[in-house]
Amino acid sequence: MALGRIRVPAAVVGVLAALFVSCLHAWPRDATCLLKAYPDFVKDLPGPNQVRAHSGDVFVFDQSLPAGSHAWRLDHADLKAQLEQEYPKGPLSAPPPRDADPGRLRSQAFFERMYGQSLSEVQQHMTSVYWAPCRCRIAFSKRNGAAQALEKVGRQLALRPELAAYVGKPMGSLNWRAIAGTQRRSMHAYGVAVDFQLPGALGHYWRWRGCQQSAPCPYPAAVLADARLKSVVQIFEDNGFIWGGKWHHFDTVHFEFRPELVGSACATAS
């Protein structure tokens, strides 16, 4: 007996076709990190190479940047470049390799849309965070839970006075400015970075040492040897912050909120 044709409703056909296409075009692996790390800003991943904000702004994840020097990539980083260098979470036992700067490559357009394109816009998201190590307050952005994470770090460090002493003297957070020697916006401009006056010979910045962007820069040995500093860094990392001491172009006084690099979605163990 011949069987009649089975008619599938057009709506069902459309759903099946959409599922098939989505299987063919998987989202970039690292784009999911941005979705999980920045829920106040990133809404979804609408296409195979797209990141969409709640505002409706759509960012191209991979802009197919041409090959270039490390300095060139710093100036032109897209979202893929922002995530291409894995941040080595955990104690630092050796100097970072040449031009290993995980977190220094940043998509400025992404962060400007997220935190503000002017000082007045950034200030709309700022709050005053209680910093337990000095019983003082630090201005910090409350977007994506950044301020809450910073306060948590401070309270954890305050439970260990020998660690709290390392970060008891904040040197500044919000500062609408460019990074020295560049036209790139500093993360301090968005209110999601903070510097501290570290004790002894632990506070170092590669430019203070007379180093050049395109040349090797000797890493300060004292920083590698300090166990307490490593413990301070670990607590920051556990709460979504990266440390500038893990850059070849080191900035050991600098911590910034970058959950896409150290959060559960993207973190790697050293």
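Is arginine 104 counted as buried or exposed? At 7% relative accessibility, arginine 104 falls in the buried class, where buried stands for under 20% relative accessible area, exposed for over 50%, and partly exposed for anything in between (1.4 Å probe, protein chains only). The model is a predicted one, so local features need pLDDT of at least 70 and side-chain atom pairs count only at pLDDT 80 or more, while totals for chains, interfaces and linings use all residues. Residues are numbered from 1 along each chain as its sequence is written, and side-chain values use heavy atoms, with hydrogens and water left out.

Arginine 104 has a charged partner: its side chain meets that of aspartate 101 in a salt bridge, at 2.9 Å from N to O. A salt bridge here is a side-chain nitrogen of Lys or Arg within 4 Å of a carboxyl oxygen of Asp or Glu. Aspartate 101 is buried too, with a relative accessible area of 0%. As a general point, side chains of opposite charge can pair when their charged atoms come close. Searching the whole structure turns up 13 salt bridges. Another of them links arginine 258 to glutamate 260, with the closest N and O atoms 2.8 Å apart, and both of these residues are buried. Through shared partners, salt bridges tie Arg106, Glu256, Arg258 and Glu260 into one network. Arginine 52 pairs with aspartate 44, the closest N and O atoms being 2.7 Å apart; arginine 52 is partly exposed, at a relative accessible area of 27%.

Glu256 also belongs to a strand. Helices (H or I, at least four residues) and strands (E, at least two) are DSSP runs, numbered from the N terminus. In strand S10 (residues 254-257), His254 and Glu256 lie on one side and Phe255 and Phe257 on the other, and all are buried. Strands count as paired if DSSP finds at least two bridges between them. S10 runs antiparallel to S8, joined by three bridges, and glutamate 256 is the bridge partner of alanine 193. Strand S9 (residues 241-243) is likewise antiparallel to S10, again with three bridges; here tryptophan 243 has phenylalanine 255 as its partner.

In strand S8 (residues 193-196), Ala193 and Asp195 point one way and Val194 and Phe196 the other, and all are buried. S8 also pairs with strand S7 (residues 170-172), in the antiparallel sense over two bridges, with glycine 172 opposite aspartate 195.

Turning to the helices, H7 (residues 146-158) and H10 (residues 227-237) have axes that come within 9 Å and cross at roughly 145°. Axes are lines fitted to C-alpha atoms, for helices over the stretch in contact, and angles run from 0 to 180 degrees between N-to-C directions. On the H7 side, Leu150, Val153, Gln156 and Leu157 meet Val232, Ile235 and Phe236 of H10, contact meaning heavy atoms within 4.5 Å. By class, this contact has six nonpolar residues, one polar and no charged ones; Ala, Val, Leu, Ile, Met, Phe, Trp, Tyr, Cys and Pro count as nonpolar, Asp, Glu, Lys and Arg as charged, and the others, Gly among them, as polar.

Helix H5 (residues 108-115) has Phe110, Phe111, Glu112, Met114 and Tyr115 buried. Just after H5 comes glycine 116, with a positive phi of about 140°.
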